[in-house]
Amino acid sequence: MRCNACWRELEGRAVSTTCGHIYCNEDASKILSSDAACPICDQVLSKSLMRPVDINPGNEWINMAMVGVSPQILMKSAYRSVMFYIGQQELEMNYKMKKIVGQCKQKCEVMQEKFTEKLEQIHTAYQKMAKRCQMMEREIESLSKDKQELQEKYAEKSRQKRKLDEMYDQLRSEYESVKRSAIQPANNFFPGAEPELFSGMTNMMGGREYLCRLHFIQKQI
Ligand SMILES: [Zn+2]
Ligand SMILES: [Zn+2]
């Protein structure tokens with residue numbers, strides 16, 4: 001059996017109470033010197049309601065303790081002793097259950113603390129990520145605007161380039177046509193050294209004027 005106050009295993013002498021509880025000598029003395037209330041059932045105790053017991057009695061006690069007692073009283077006493085023992089077993093079981101529940105509760109509290117801490121860490125990390133996402137979204141928005149502006153500028157430049165290309169092609173074709181109309185007649189009518197006679201004229205006259213001039217010169221010859 002165990003002391004119902006400190007729950008250490010009882011050995012040798014102990015003190016039992018009329019309310020059905022048992023204590024080590026130290027705890028029995030404490031109870032009597034303080035409020036004299038049983039720690040388990042709160043019954044007021046006094047020395048007369050407490051009885052010293054031998055937890056491990058010797059053979060001499062076992063042989064002589066009940067000598068002369070009638071079997072009816074003996075059975076009644078044995079019944080009370082067994083009931084006391086069963087009551088102590090229940091108390092001990094409750095104590096162990098409470099101890100286990102307390103340990104589980106403590107573990108749960110530690111786990112809950114850790115879980116809360118982790119949850120806070122995750123929440124902080126999530127907030128950081130959310131802020132970063134917002135910043136990235138703003139950056140993407142700004143980059144999109146820049147991209148759009150650049151696309152518009154590129155389109156404008158492309159339009160300008162096409163216009164310049166068209167102007168260049170037009171000028172080129174005009175130049176080619178002027179060149180053809182100016183040079184071809186000179187090659188046909190004056191092969192050899194004669195074309196330099198009119199080399200200055202090609203720059204000054206158009207193709208048609210140039211041909212009229214040539215016919216006039218031929219007639220004079
Ligand atoms: Zn004790
Ligand atoms: Zn009690």
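Colleague: Which residues touch the most other members of the largest nonpolar core?

Modeller: This is a predicted model, and in it the largest nonpolar core has 14 residues, of which L10, Y23 and L45 touch the most other members. As for where the core comes from, β1, β2, α1 and β3 each supply at least two of its residues. As a general point, nonpolar side chains in soluble globular proteins tend to be buried together.

Colleague: And what does L10 touch, leaving out residues up to four places away in sequence?

Modeller: With those left out, L10 touches M1, R2 and C3 on the one hand, and I22, Y23, C24 and I55 on the other.

Colleague: OK, on to the sheet. What is the order of its strands?

Modeller: The order is β2-β1-β3, in an open sheet of three strands with antiparallel pairing. The edge strands are β2, residues 22-23, and β3, residues 50-54, and each of these pairs on one side only.

Colleague: How many bridges are there between β1 and β2?

Modeller: There are two bridges, over which β1, covering residues 13-17, and β2 pair in the antiparallel sense. If you want a place to look, find S16, which stands opposite I22 in β2.

Colleague: What about T17, is that buried or exposed?

Modeller: T17, which is found in strand β1, has a relative accessible area of 8%, and it therefore counts as buried, since that term is used for values under 20%. Leaving aside residues up to four places away in sequence, T17 touches Y23, L45, L49 and M50.

Colleague: Now the helix. Which residues of α1 are buried?

Modeller: In α1, which runs over residues 25-33, the buried ones are D27, A28 and I31. Because they cover an arc of only 105° around the axis, they lie on the same side of α1.

Colleague: Which exposed residues are on the face turned away, and what covers the buried ones?

Modeller: The face of α1 turned away from its buried side carries the exposed residues K30 and S33, while the cover over the buried residues of α1 includes β1, β2 and β3.

Colleague: Let's turn to the metals. What are the protein donors of the zinc ion (ligand 1)?

Modeller: They are C3 (SG), C6 (SG), C24 (SG) and D27 (OD), lying 1.8 to 2.3 Å from the ion. Along the sequence, these donor residues are spaced C-x2-C-x17-C-x2-D.

Colleague: Why is the arrangement around ligand 1 called tetrahedral?

Modeller: The four donor atoms subtend angles of 102 to 122° around that zinc ion, and this is why the arrangement is tetrahedral.

Colleague: Where in the chain are H21 and C41?

Modeller: H21 is in the loop between β1 and β2, and C41 is in the loop between α1 and β3, 20 residues apart, so that the pair links distant parts of the chain. H21 counts as buried at 9% relative accessibility, while C41, with a relative accessible area of 35%, is partly exposed.

Conventions: Residues are numbered from 1 along each chain as its sequence is written. Chains are lettered from A and ligands numbered from 1 in the order in which they are written. This is a predicted model: local features need pLDDT of at least 70, side-chain atom pairs count only at pLDDT 80 or more; totals for chains, interfaces and linings use all residues. Side-chain values use heavy atoms; hydrogens and water are left out. Two strands pair if DSSP finds at least two bridges between them. Helices (H or I, at least four residues) and strands (E, at least two) are DSSP runs, numbered from the N terminus. Donors are N, O and S atoms within 2.8 Å of the metal (3.2 Å for Na, K and Ca); water is not among the atoms, so sites may look incomplete. Four donors count as tetrahedral if all angles lie between 85 and 135 degrees; four count as square planar and six as octahedral if opposite donors are over 155 degrees apart and all others between 65 and 115; anything else is irregular. Buried means under 20% relative accessible area, exposed over 50%, partly exposed in between (1.4 Å probe, protein chains only). The arc is that of the directions from the helix axis to the C-beta atoms. Contact means heavy atoms within 4.5 Å. A nonpolar core is a set of buried Ala, Val, Leu, Ile, Met, Phe, Trp, Tyr and Cys residues joined through side-chain atoms within 4.5 Å.
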